[in-house]
Amino acid sequence: MTGIRAGRGQSARPPDEVASARSTDLAGPSAAAGPAWDYAPAPESREIASIAAEYGLFIGGEFGPAADGRQFPTINPATEQPLARVALAGVADTDRAVAAARHAYEQVWAPMPGAERAKYLYRIARILQERAREFAVLESLDNGKPIKESRDVDVPLAAAHFFYHAGWADKLEYAGLGGASGAGGADGAGRGTAPRPLGVAGQVIPWNFPLLMAAWKLAPALATGNTCVLKPAETTPLTALLLAEVCQQADLPPGVVNVLTGAGETGSALVSHPGVNKIAFTGSTEVGKEISRAVAGTGKRLTLELGGKAANVVFDDAPVDQAVEGIVNGIFFNQGHVCCAGSRLLVQESVADIVVERLKERLATLRLGDPLDKNTDIGAINSREQLDKISALSAAGEAEGAQRWSPPCRLPERGYWFPPTLFTGVSQSYRIAREEIFGPVLSVLTFRTPEEAVTKANNTPYGLSAGVWTEKGSRILWMAQRLRAGVVWANTYNRFDPASPFGGYRESGFGREGGRHGLAAYLDA
Ligand code: NDP
């Protein structure tokens, strides 16, 4: 393992010491007083994913260079080594992709019976499963996330989304969504009028779950008869391009899925393209607002899945060890690069000390390092820019008066790394309690009564998710009714299922992805 295991049971070191101890040497302070045994390295082979030197845009079923020949590099954030050069789509390429999608929509995909469309989605799902290892390795290389997460979460869930939506493709008239004339007009068997697709969908996705977000966007759009132009994030284009290859392998008709790689301007060109009927965006609230402004008055349909600042609420009757696992999963999964991350821990005052103590013990066992090592819990931060943002917000937390703690932890010399960090003594007004950090940083606040927990949990402009830990079912329901969040998990966290709608309120966006509600976002109802 090239990375470093955070030492176990050590006393805290100040963060500046953590930051200055950047080394790949396993023998450090943590090793000196650490456990009697250590994990052997368990690296997944990098060779499983063959990476080309250059990648083109995927338009009309074929890969090709950008019209003006521009490219940008994509790097491995764990090593800062370049992985490949990728075509940078400009306005001319966007025109071509939208035209290809329009042609495919009118000539092939929308007229095709749902049962036939379903076969292509099933095929894509099965190929994703067959090539799962390759996808997992590529995702970890390009994104920096631990292989155990890309292997056990991202790739299986992406396949599950295609399977689930394949099942809907020939049953849309039973979804209760109706077409313009079908709303409310179901027959005795529950069948309404088949709802109509919208047309060409422009889909812009972020870097935190590159393949999974592509699946969340493409699968429902395709199942409902739309064609797609997908814009992956600049820092993580490779698995979307491999998915494009899978579309070729599945004989998906040319133009049904197009992939435009590039930066923010490419996304902006796609969003404002007059040939697009629907925009689906996942990313920051700031860019989401920009997109809302660009789309206003154009008649384009819009769904926005934006940021969050979720409260994970632990009551005094919760089983502490189980809650601690849920807290860790809630904020340290995927380095905290999760829109629904439980970044604010609200813990009942009477159990705050024991919960924080157990949490620190647990954090000291997390292993940070090589994303391709199967033992790694915390991988690399996706980019220098994101690392700077996490560092700046953490520094602001300290400056405002919160107490910062990280387990003893040496960080690899190369790459972008941030130790698991928690802040106690956090006041609601601090930036670390209000702003989305999008990193492995937890802010701990306390409450005395359920009413206070609700007030504090809802004291945010966001409203994407929340967690509740208690043994009382009645309290779970009481909380769920009052928390202003699109998803409320009870005695668990970060559970995703393609059948379950996901989305937010207020500054977390609008529209749902997944389930029957997610289909509605791609249908003219
Ligand atoms: P962005 O919102 O900038 O990126 C999301 C996607 O939108 C990317 O594909 C991006 O392209 C694209 N994009 C950027 N600008 C525009 C535009 N004007 N019009 C259309 N598309 C655009 O997120 P960042 O990657 O910059 O991350 C910034 C912060 O956003 C993070 O620190 C985090 O707090 C938050 N975030 C939240 C996410 C969530 O799921 N809630 C996901 C990602 C980030 P490109 O990558 O090339 O810039």
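A salt bridge is a side-chain nitrogen of Lys or Arg within 4 Å of a carboxyl oxygen of Asp or Glu. The exercises below concern a predicted model, in which local features need pLDDT of at least 70 and side-chain atom pairs count only at pLDDT 80 or more, while totals for chains, interfaces and linings use all residues. Residues are numbered from 1 along each chain as its sequence is written, and side-chain values use heavy atoms, with hydrogens and water left out.

**Exercise 1. Find which residue meets Arg196 in a salt bridge, and state which strands the two residues lie in.**

Step 1. The side chain of Arg196 meets that of Asp524 in a salt bridge, with a distance of 3.0 Å from N to O.

Step 2. Helices (H or I, at least four residues) and strands (E, at least two) are DSSP runs, numbered from the N terminus. Arg196 belongs to strand E7 (residues 196-197) and Asp524 to strand E22 (residues 523-524), so the pair ties together parts that are 328 residues apart in sequence.

Step 3. For accessibility, buried means under 20% relative accessible area, exposed means over 50%, and partly exposed lies in between (1.4 Å probe, protein chains only). Arg196 is partly exposed with a relative accessible area of 43%, and Asp524, at 29%, also counts as partly exposed.

**Exercise 2. Describe the salt bridge between Arg131 and Glu134, and decide whether these residues are buried or exposed.**

Step 1. The closest N and O atoms of Arg131 and Glu134 are 3.0 Å apart in their salt bridge. Side chains of opposite charge can pair when their charged atoms come close.

Step 2. Both Arg131 and Glu134 are buried, and for Glu134 the relative accessible area is 17%. Glu134 lies in helix H5 (residues 132-143).

Step 3. In the structure as a whole there are 22 salt bridges. Another of them joins the side chains of Arg70 and Asp68 at 3.1 Å, N to O; here Arg70 is partly exposed at 41% relative accessible area, and Asp68 is partly exposed at 46%.

**Exercise 3. Place Thr365 in the chain, and find which backbone oxygen lies 2.6 Å from a polar atom of its side chain.**

Step 1. Thr365 sits in the loop between helix H12 (352-363) and strand E15 (367-368), where Thr365 is partly exposed with a relative accessible area of 23%.

Step 2. The backbone oxygen in question belongs to Arg362, and it lies 2.6 Å from a polar atom of the Thr365 side chain.

Step 3. Asp377 is 12 residues from Thr365 along the chain, and the C-alpha atoms of these two residues are separated by 9.4 Å.

Terms used:
Polar contact = N/O pair within 3.5 Å; in protein donor to acceptor, adjacent residues only side chain to side chain.
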